[in-house]
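Me: Could you walk me through a couple of parts of this model with me? I'll ask as we go.

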Amino acid sequence: STNEVYIYIIGGNGCAGKVSFAKIVDHDIGLLGNWQTSNFNLDGTMGPGADCNTDGVASGGAFIDGNTVYLIGGNYIVGGGAGSSVVSEVRWNVIGANGEFTQNWQLTTPITLDGTNMIKRARFATQVVEVSGIKYVYIFGGVDESGSLRNTVYRKEISKMQEPCLGVGCWSSNSNNLPVSMRNLASFSSLLSYDAVSCLNGRYVYVVHANKVYGACFNSVDPQWFEIPNTEFLPGGIYKYRHSSASLNEINYVIGGNGQANDPPNGPAEKTIFYVMPQITGLQIDVDPSTIFINGEATVEVKACINNNPFPNCLTNGNAAPD
């Protein structure tokens, strides 16, 4: 059914070879159905089982395009934790009926600029952005096979994710890298603007790392990054590593993670959630019909301009709030 939506947990430390999923049964309150274990494991084996001492992936990046799920890079973990290595592999699978996958996980073109030299990356942020009508997946920062932190940014057209790397199917390197090298970061996209230039025909992408937030206007594939004024997203003195970030209906969330200043490898986890609401610039209320008789009915539609976009022009330039 087109109305069925699922949430997935793909690999990760603790049970790196397994994939779990649950149906979102109530979209208003976020109620989930029972969690299920997929029959298709990340190491190519089949069967749900309960054994987590198998090969798998942790610290990678995942995104969905239609019914296809992609898993990018990360640490390939051997024997449930006996050893691991940073990889360049890109895996994909197709969601079928009732949220289950339709086949074993497939390998496609790895992270590479030329098809020969592989780019190994883990603990980065992954973001899907549409620029001029074309959807791209981006990789921000992370750590390479030597353990060094990186500030590099890579991108690839989603429509070419399953093509062989013959020039057009390879990844591209952005010239505007992140301002600093970082790992264990998170990102989200939003209309919310904190710079003086309106991001027409594009969206902002924000990267949250340590006690800093960096943003860029993705009205081009290679935008310039800038630092967000302190405390605009996070309260003063708050640090974030190994966390998650998300944006839903222009409400932006920073979720959990390690809140210590130096990102210790076994630092205590936090369950705090911070969020930023969109700022309303103006409202437009339409009533149809405009004259209502007793016991009559009318349709009322309210549109909101948000995040400093000028009213009423934002109602027609793509920056109106979704509701």
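**A surface patch and a sheet**

Reply: To begin with the nonpolar patch, strand E23 (280–288) and strand E24 (299–306) each supply at least two of its residues, where strands are DSSP runs of E with at least two residues, numbered from the N terminus. This is a predicted model, in which local features need pLDDT of at least 70 and side-chain atom pairs count only at pLDDT 80 or more, while totals for chains, interfaces and linings use all residues. Residues are numbered from 1 along each chain as its sequence is written, and side-chain values use heavy atoms, with hydrogens and water left out.

Me: Which residues make the nonpolar surface patch?

Reply: The patch, of about 640 Å², is made by Ile280, Leu283, Ile285, Val287, Ile292, Val300 and Val302, and its largest share, four residues, comes from E23. Patch residues have over 30% relative accessible area and no salt bridge, and nonpolar side chains are joined within 5 Å; a salt bridge is a side-chain nitrogen of Lys or Arg within 4 Å of a carboxyl oxygen of Asp or Glu.

Me: Is isoleucine 280 buried or exposed?

Reply: Isoleucine 280, which lies in strand E23, is exposed, with a relative accessible area of 58%, where exposed means over 50% with a 1.4 Å probe, counting protein chains only.

Me: Switching topic, what order do the strands have in the open sheet of three?

Reply: The order is E20-E21-E22, with antiparallel pairing, and two strands pair if DSSP finds at least two bridges between them. Strand E20 (244–248) and strand E22 (269–276) are the edge strands, each pairing on one side only.

Me: How many bridges join E21 to E22?

Reply: Six bridges join strand E21 (residues 251–258) to E22, and isoleucine 255 stands opposite isoleucine 273 in E22.

Notes. Patch = residues over 30% accessible without salt bridge, like charges linked within 9 Å, V, L, I, M, F, W, Y side chains within 5 Å. Areas by Shrake-Rupley, 256 points an atom, 1.4 Å probe, with all protein chains shown as cover. Buried < 20%, exposed > 50% of the residue type's maximum accessible area, 1.4 Å probe, protein only.
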